[in-house]
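Visitor: I'd like a walk through this model, and I'll keep asking what the labels rest on.
Guide: Fine by me, let's look at it together.

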Amino acid sequence: MKTNKTIQFFRHAKSSWKHNLPDHDRPLKQRGINDIKLMSNYLKTNFLIPDLILSSTANRAKTTAQLFIGNLQLTEVSFCLKKELYDFSGESVLNQIKNCDNSVNVLAIFGHNFAITELSNILGDKYIENVTTSGFVQIQFEQNCWQKVKNGKTQKIVFPKLLK
């Protein structure tokens with residue numbers, strides 16, 4: 001039986017530069033938390049529940065993932081932190097996608113730019129200049145094997161500013 005693969009990219013919410021912290025440890029700004037609420041309320045009505053949620057270990061991405069998981073009531077979905085997703089080129093993120101277990105049909109990834117924008121453009125069929133903070137992109141593939149995903153159809157692009 002052929003089952004299409006779907007990927008959901010979430011860019012982490014707006015982070016704070018207020019404290020003198022290493023990049024990996026930066027927290028979210030209040031605006032970022034507000035944008036997550038706005039986005040998750042919108043996605044509640046038309047959202048594919050993922051089989052697996054992966055997040056960068058960076059504080060801002062991990063917190064974004066945890067807030068979305070809570071707001072979208074995804075606490076039963078497998079959630080895994082991956083240091084490899086603390087990636088800005090997209091190479092390590094793509095490697096995580098290609099090595100995903102084929103029992104997963106819908107994969108959600110919480111990560112960083114430039115990687116999220118780059119992979120949305122490489123894997124999807126719509127050009128996106130920049131996936132904004134708290135942005136969401138969903139791409140569906142005809143392939144039933146993660147190792148072969150390419151030439152997907154960009155099904156959904158949602159940015160907080162479009163909901164305000």
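**What the labels rest on**

Guide: Let's begin with helix 4, where Ala115, Ile116, Thr117, Leu119, Ser120 and Leu123 are buried. Buried means under 20% relative accessible area, exposed over 50%, and partly exposed in between, with a 1.4 Å probe and protein chains only. The helices (H or I, at least four residues) and strands (E, at least two) are DSSP runs, numbered from the N terminus.

Visitor: What do I need to know about the model itself?
Guide: This is a predicted model, where local features need pLDDT of at least 70, side-chain atom pairs count only at pLDDT 80 or more, and totals for chains, interfaces and linings use all residues. Residues are numbered from 1 along each chain as its sequence is written, and side-chain values use heavy atoms, with hydrogens and water left out.

Visitor: What do the buried residues of helix 4 pack against?
Guide: They pack against strand 1, helix 3, strand 4 and strand 5. Contact here means heavy atoms within 4.5 Å.

Visitor: Why are helix 3 and helix 4 called oblique to each other?
Guide: Helix 3 (residues 91-98) and helix 4 (residues 115-123) pack at about 55°, with axes 9 Å apart. Axes are lines fitted to C-alpha atoms, for helices over the stretch in contact, and angles run from 0 to 180 degrees between N-to-C directions. Angles under 35 degrees count as roughly parallel, over 145 as roughly antiparallel, 65 to 115 as roughly perpendicular, and the rest as oblique. The angle falls in "the rest", so the pair is oblique.

Visitor: Which residues meet there, and how do they sort by class?
Guide: Val93, Leu94 and Ile97 of helix 3 meet Ala115, Leu119 and Leu123 of helix 4. That gives 6 nonpolar, no polar and no charged residues. Ala, Val, Leu, Ile, Met, Phe, Trp, Tyr, Cys and Pro count as nonpolar, Asp, Glu, Lys and Arg as charged, and the others, Gly among them, as polar.

Visitor: How do helix 1 and helix 2 cross?
Guide: The axes of helix 1 (residues 30-43) and helix 2 (residues 59-71) come within 10 Å and cross at roughly 40°. By the cut-offs above, helix 1 and helix 2 are therefore oblique to each other too. Ile33, Ile36, Lys37, Met39, Ser40 and Leu43 of helix 1 make the contact with Thr64, Leu67, Phe68 and Asn71 of helix 2. By class, that contact has 6 nonpolar, 3 polar and 1 charged residues.

Visitor: What makes strand 3 and strand 6 the edges of the sheet?
Guide: The open sheet has 6 strands in the order 3-2-4-1-5-6, with mixed pairing. Two strands pair if DSSP finds at least two bridges between them. Strand 3 (78-82) and strand 6 (153-158) each have a single partner strand, so one side of each is left without a neighbour in the sheet. From one strand to the next, the twist averages 15°.

Visitor: How do you know that strand 2 and strand 3 are paired?
Guide: They share 5 bridges in the parallel sense, and the definition asks for at least two. Ser56 stands opposite Lys82 in strand 3. Strand 5 and strand 6 also have 5 bridges, in the antiparallel sense, and Phe136 has Val158 of strand 6 as its bridge partner.

Visitor: Why is Gln138 called buried?
Guide: Its relative accessible area is 6%, and the limit is under 20%, so Gln138 counts as buried. Gln138 is found in strand 5 (residues 136-141). Leaving aside neighbours within four places in sequence, its contacts include Thr6, Leu48 and Lys153.

Visitor: What makes Ser134 and Asn151 stand out in their backbone?
Guide: Most residues other than glycine have a negative phi, and most peptide bonds are trans. Ser134 has a positive phi of about 65°, and Asn151 has a positive phi of about 50°. Ser134 is buried at 0% relative accessible area, whereas Asn151 is exposed at 64%.

Visitor: Where is the cis peptide bond?
Guide: It joins Asn113 and Phe114, with omega about 5°. Phe114 sits in the loop between strand 4 and helix 4.
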